[in-house]
Amino acid sequence: MSRLDIIDAAFHYSGDASRDQYVLLAFAPAGPTPTFRQICEFVEDRAQRIPELAQRIVEVPGNLDFPRWVFDDAPAQSHVHEISDAPTWPEFRRVVDRLLTDPVDATRAAWHIHVAREVSGVPQTPGNAVVVVFQVSHALTDGRGASRLARLLFAPKPTETSAGHEPARTSPSLLPIAIASALALPFRTATARVAAWRARRDYERVHGSTPAQRDSPRPAIASNADPTPARVSHVHVCPPHLFANKSVSVTTLGLAAVSLATERYLAEIGDEAPESLNSLVPMAVPEDARWTAVNRIVNGTVDLHVSIPDLRQRARAIRESLSRARAEIADPALLRWITAENRIPAPVFLAMKKLNARRTPPNHRVPESVLTNVTVVSVDRGDANLELCGRPATFTAGFPMLGPARSLTHGFYGLGDAVSVCVVACPDTFPDHERYAEILSAAVADVAQATADRS
């Protein structure tokens, strides 16, 4: 019975669909459409070999300590659900929008697979496709981990086992843990505060200041209002040749396209992109760094250089900013500080969370200033050798979470040569989402052309 790290537990405590990861996969026709039972058996055969998928969460009484993972004895087939009201791609996308507001309850099931067996009009997929959405608790894994689990589930041949931790098959009473945690609370709180103070002091000795002191607020833009719970998504699958001769990575190209799309959209509504426009970019913690959470992600900040009109030069400047951000989040002193800050006990963490919610209630209007303007997620999900009941995968998509001052997020997802550009928005606070998605698709094509390898 393993204890959740505070970073993983925070997603469980969030109480909304922002705590979930989503992996969409489309599968092209290849023979008769598999029955729902065949798909369930396919998933069962693979899921039973993946220890991470045999877990659910049990909370400690009174939340006096962070939750535990225990064995989930429910059959994997019970996690698979058929979508019967989405015969076309636009209708399937509306189903996805509903899923984005319906989080998994990891105390009952930490993951689900939603299946539509015959969907017409799916991009880059002739005929009626099978489309699935693998929805998994963010407490269980991060974006890269969700991609790895999806690859294990839809591999051409089932793997013998994955490298996950085998959950305990018995669930002893958590009451003694709760009592012990309550008794140790004052001592654990004091030692956590001292450890965090020392780690911050060590960081400041190296750098002279903290990231918060260096990051100055910048003018907000139209998408920086706090979202309501409503969600809408857009998926654009790029033509296969678009990224064939790129001179920059998909992440860099995506950031440059978002900078251009933001600039064009703001001009269209009579506004101007601030020269300080930047993006929050989730970045992976280095593999050799000590990190106790399964979510090995730290958010970096990348300048988008909208003052550079030449798109090729802008992309190069963004690439340099991205490299600096990655180096900053890999700083051992910063990672030690983050780890120390995360030693606070569960009751203190939850009390601080509740207090912050009272102090800063959601503001659904655009503020004057923010620390980051946009959010860009980029995930490479590997080779396009996945399948479902003999049907080959054609592309993948994902749906990055919204959050405070983020009514719009962007995702770039690769599977083999196929890259999808995904937008998630709150229709209440960013009603121009459809027009913006069109502008972004055009911007991706323009930046791809400008950054094509000319050698």
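Thr141 is buried, with a relative accessible area of 7%; buried means under 20% relative accessible area, exposed over 50%, and partly exposed in between, with a 1.4 Å probe and protein chains only. The model is predicted, so local features need pLDDT of at least 70 and side-chain atom pairs count only at pLDDT 80 or more, while totals for chains, interfaces and linings use all residues. Residues are numbered from 1 along each chain as its sequence is written, and side-chain values use heavy atoms, with hydrogens and water left out.

**Thr141 and helix α4**

- Thr141 is found in the loop between β7 (129-137) and α4 (143-153); helices (H or I, at least four residues) and strands (E, at least two) are DSSP runs, numbered from the N terminus.
- Leaving aside neighbours within four places in sequence, Thr141 is in contact with Gln21, Val136, Ala146, Leu149, Val294 and Asn295, where contact means heavy atoms within 4.5 Å.
- A polar atom of the Thr141 side chain lies 3.4 Å from the backbone nitrogen of Ala146.
- Eight of the eleven residues of α4 are buried, so this helix is largely enclosed by the rest of the structure.
- The buried residues of α4 are Gly143, Gly145, Ala146, Ser147, Leu149, Ala150, Leu152 and Leu153.
- The cover over these buried residues includes β2 (20-27), α2 (36-47), β6 (111-119), β7 and β13 (374-380).
- At the start of α4, a side-chain oxygen of Asp142 reaches to within 3.3 Å of the backbone nitrogen of Arg144.

**Helix α9**

- In helix α9 (residues 332-341), the buried residues are Ala333, Leu334, Leu335, Trp337 and Ala340.
- Elements covering the buried residues of α9 include α5 (175-207), α6 (211-214), β11 (297-303) and α8 (311-329).
- Asp331 caps the N-terminal end of α9, with a side-chain oxygen 3.0 Å from the backbone nitrogen of Ala333.

**Nonpolar cores**

- The largest nonpolar core has 98 residues, and those with the most contacts inside it are Trp111, Ile113, Phe134, Phe154 and Val444; a nonpolar core is a set of buried Ala, Val, Leu, Ile, Met, Phe, Trp, Tyr and Cys residues joined through side-chain atoms within 4.5 Å.
- Helix α7 (residues 250-268) gives the largest share of this core, ten residues.
- A second, separate core of 30 residues includes Tyr22, Val95, Ala116 and Ala129.
- Phe154 is in contact with Leu25, Phe27, Phe42, Arg46, Ile113, Val132, Leu386, Glu387 and Leu388, leaving aside neighbours within four places in sequence.

**Aromatic rings**

- The structure holds twelve aromatic pairs; rings of Phe, Tyr and Trp (its six-membered ring) pair if their centres lie within 6.5 Å, and planes under 30 degrees apart count as stacked, over 60 as edge-to-face and the rest as tilted.
- The ring centres of Tyr13 and Phe349 are 6.2 Å apart and the planes are at 35°, so the pair is tilted.
- This pair links distant parts of the chain, 336 residues apart: Tyr13 is in helix α1 (residues 6-13) and Phe349 in helix α10 (residues 346-359).
- Tyr13 and Phe349 are both buried.
- Phe430 and Tyr436 form an edge-to-face pair, 6.0 Å centre to centre with 80° between the planes, and both residues are buried.
- Tyr13, Phe66 and Phe349 are linked into a cluster by ring pairs.
- The charged end of Arg46 sits over the ring of Phe42, 3.7 Å from the ring centre; a charge sits over a ring if NZ of Lys or CZ of Arg is within 6 Å of the ring centre and within 35 degrees of the ring normal.

**His234**

- His234 lies in strand β9 (residues 232-237) and is buried, with a relative accessible area of 11%.
- Not counting residues up to four places away in sequence, His234 touches Arg93, Val421, Cys422, Val423, His433, Glu434 and Ala437.
- A polar contact of 2.9 Å joins the side chains of His234 and His433; such a contact is a pair of N or O atoms within 3.5 Å, where within protein one must be able to donate a hydrogen and the other to accept it, and residues adjacent in sequence count only if both atoms are side-chain atoms.

**Cysteines**

- The count of disulfides is zero, a disulfide being a pair of cysteine sulfur atoms within 2.5 Å.
- For Cys40, the nearest cysteine sulfur is that of Cys389, 9.5 Å away.
- Cys40 is buried, with a relative accessible area of 4%, whereas Cys389 is partly exposed, at 29%.
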